[in-house]
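Here is a short briefing for a first look. Please keep the sequence and the 3D view open while reading.

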Amino acid sequence: MNATTTPAVDTSAALRLITCGSVDDGKSTLIGRLLVDSKAVLQDHLAGVQRQGQTDLALLTDGLQAEREQGITIDVAYRYFSTEERKFIIGDAPGHEQYTRNMVTAASSADAAVVLVDATKLPWQDAGLALLPQTRRHSLLLKLLRVPSVIFAVNKLDAVEDSTLAFQHIGDALAAFAEQAGIPVTATVPVSALKGWNVVDAADTDGWCGYQGPTLLQILERLPVTKADAHLPLAFPVQWVEKFSSSADTSQGRRIFWGRVASGEVKPGDQVRIAPNGQTATVAQVLNHVRQPQAVSAGHSAGIVLDREVDVSRGDWLLAAEAGLEAQREVQATVAWLDDEALVPGRVYWTLHGHRWIKAKVKRIVHKLDIHTLAEEDASALEPNAIGHIELALQEPVAALPFDRARALGSMVLVDTASHRTAGAVLVR
């Protein structure tokens, strides 16, 4: 079983990736191995992560005291390293079910994900083995969050009796699950994070596990970054409003609206519509992040000056006038429920769309996704870390598109009105 080949891509941009999977599958150790074998760790840092005379690679990412005491990952730890081919920003996501919210946070901005699978936890002798629930849950979340590149890394194969048979059976189970769930898999690679086999350097034994493909790092070096939604009509969430100290120019307004272009491109002369009030105006001037006049495309910060004074505040959206995007008060959405209290119909939450806060009421739960069978089931509530389909009634209309078409316009966050905890990640359907 070999990795699929990937076409040549631009590797000048840093790749943002995360490791995820079930508890103790070796995520922190894998990152530690990447850092050490790519020469990204200083000797004095290595000396500080010794346990009983041995280097504990997991401690290179476990920065919280509670993580070091318990030997688990709680929060997402980011590390930066580079090779001769590329720069990387890598996040170590926790595997415990109760910290799924932290994994969702990391995955929402990732270009790629490495899903670790511990061979020693599975009945690898069984050709029809079942994957661990957290492996399935994390993989489904990666699909929902549109992470473009997913790599399965089957770890600890050095600790099983027949590594070739184990990799074959586990690889077949992963392929069947991915096909059923519609998850595009870039590669499935056998690794030993502890010994370093197939992580940065190839395994000592040629064709270990019957695998002849590239190492994990070689695959990561050729992955593409997430493309901005530049092909879509303009969508610009206003984050900050700046007023000119003085202006004698009457051909334009006296305020600059700053934010990051979510989709499309903005340039002088564009006709825009302000959501939610529906007024229209013409773009008089566009400034880049260093206040130089130029057109700005999706993924980059911009300051926009309109041709006249219009009522625009933080949280409003500037949309392409010809896009015909209608604001709506009710949305169908997929939710990854992250709160400790179950989601039940009738509850009201704050929802954040772009930079705009509004109230949202859960009208009903359409169904819940069974992560084992991927079947849609009837449900009266969504327990913590469940994934389901819900209907939301919004206090004010929002200009939203399905998440699979536009990330910024299709994503929301639900926040508990009393505790202010992040309660759910919402993806518009």
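Is His420 buried or exposed? With a relative accessible area of 57%, His420 is exposed; buried means under 20% relative accessible area, exposed over 50%, and partly exposed in between (1.4 Å probe, protein chains only). This is a predicted model, in which local features need pLDDT of at least 70, side-chain atom pairs count only at pLDDT 80 or more, and totals for chains, interfaces and linings use all residues. Residues are numbered from 1 along each chain as its sequence is written, and side-chain values use heavy atoms, with hydrogens and water left out.

**The open sheet**

- Six strands form an open sheet: 6 strands in the order β4-β5-β1-β6-β7-β8, with mixed pairing.
- Its edge strands are β4 (77-82) and β8 (185-190), and each pairs on one side only.
- Neighbouring strands of this sheet are turned by 20° against each other on average, direction ignored.
- Helices (H or I, at least four residues) and strands (E, at least two) are DSSP runs, numbered from the N terminus.
- Two strands pair if DSSP finds at least two bridges between them.
- Angles run from 0 to 180 degrees between N-to-C directions, and axes are lines fitted to C-alpha atoms, for helices over the stretch in contact.

**Strand pairs in the sheet**

- Strands β7 (residues 149-155) and β8 run parallel and are joined by 5 bridges.
- Val150 stands opposite Val185 in β8.
- β1 and β5 also run parallel, with 5 bridges between them.
- Thr19 faces Asp92 in β5 as its opposite residue.
- 5 bridges link β1 to β6, and these strands run parallel.
- Leu17 has Ala112 in β6 as its bridge partner.
- β1 is mostly covered, with 6 of its 7 residues buried.

**Helix α1**

- Helix α1 is largely enclosed by the rest of the structure, because 10 of its 11 residues are buried.
- Among the buried residues of α1 are Lys27, Arg33 and Asp37.
- Leu30, Ile31, Leu34 and Leu35 are also among the buried residues of α1.
- The buried residues of α1 pack against β1, β4, β5, β6 and α7; contact means heavy atoms within 4.5 Å.
- Just after α1, Lys39 takes a positive phi of about 60°.

**Nonpolar cores**

- A nonpolar core is a set of buried Ala, Val, Leu, Ile, Met, Phe, Trp, Tyr and Cys residues joined through side-chain atoms within 4.5 Å.
- In soluble globular proteins, nonpolar side chains tend to be buried together.
- The largest nonpolar core has 74 residues, and Ile18, Met103, Leu142, Leu157, Ile170 and Leu220 touch the most other members.
- Helix α6 (residues 163-181) gives the most to this core, with 8 residues.
- Ile170 touches Val117, Ala119, Leu122, Trp124, Leu129 and Val154, not counting residues up to four places away in sequence.
- A second, separate core of 22 residues includes Ala333, Ile358, Ile365 and Ala386.

**Cysteines**

- The structure holds 0 disulfides, a disulfide being a pair of cysteine sulfur atoms within 2.5 Å.
- Cys20 is buried, at a relative accessible area of 0%.
- Cys209 also counts as buried, at 4% relative accessibility.
- Cys209 lies in the loop between β8 and α7 (216-220).
- Phi of Cys209 is near 65°, a positive value in a residue other than glycine.

**Other loop features**

- His420 sits in the loop between β23 (411-416) and β24 (422-428).
- Phi of His420 is near 65°, positive in a residue other than glycine.
- From Ala275 to Pro276 the peptide bond is cis, with omega near 20°.
- Pro276 is placed in the loop between β13 (271-275) and β14 (280-287).
- Gly269 belongs to the loop between β12 (265-266) and β13.
- Gly269 counts as partly exposed, at 47% relative accessibility.
- From C-alpha to C-alpha, Gly269 and Thr282 are 5.8 Å apart in space, and they are 13 residues apart in sequence.
- Leaving aside neighbours within four places in sequence, Gly269 is in contact with Thr282 and Val283.
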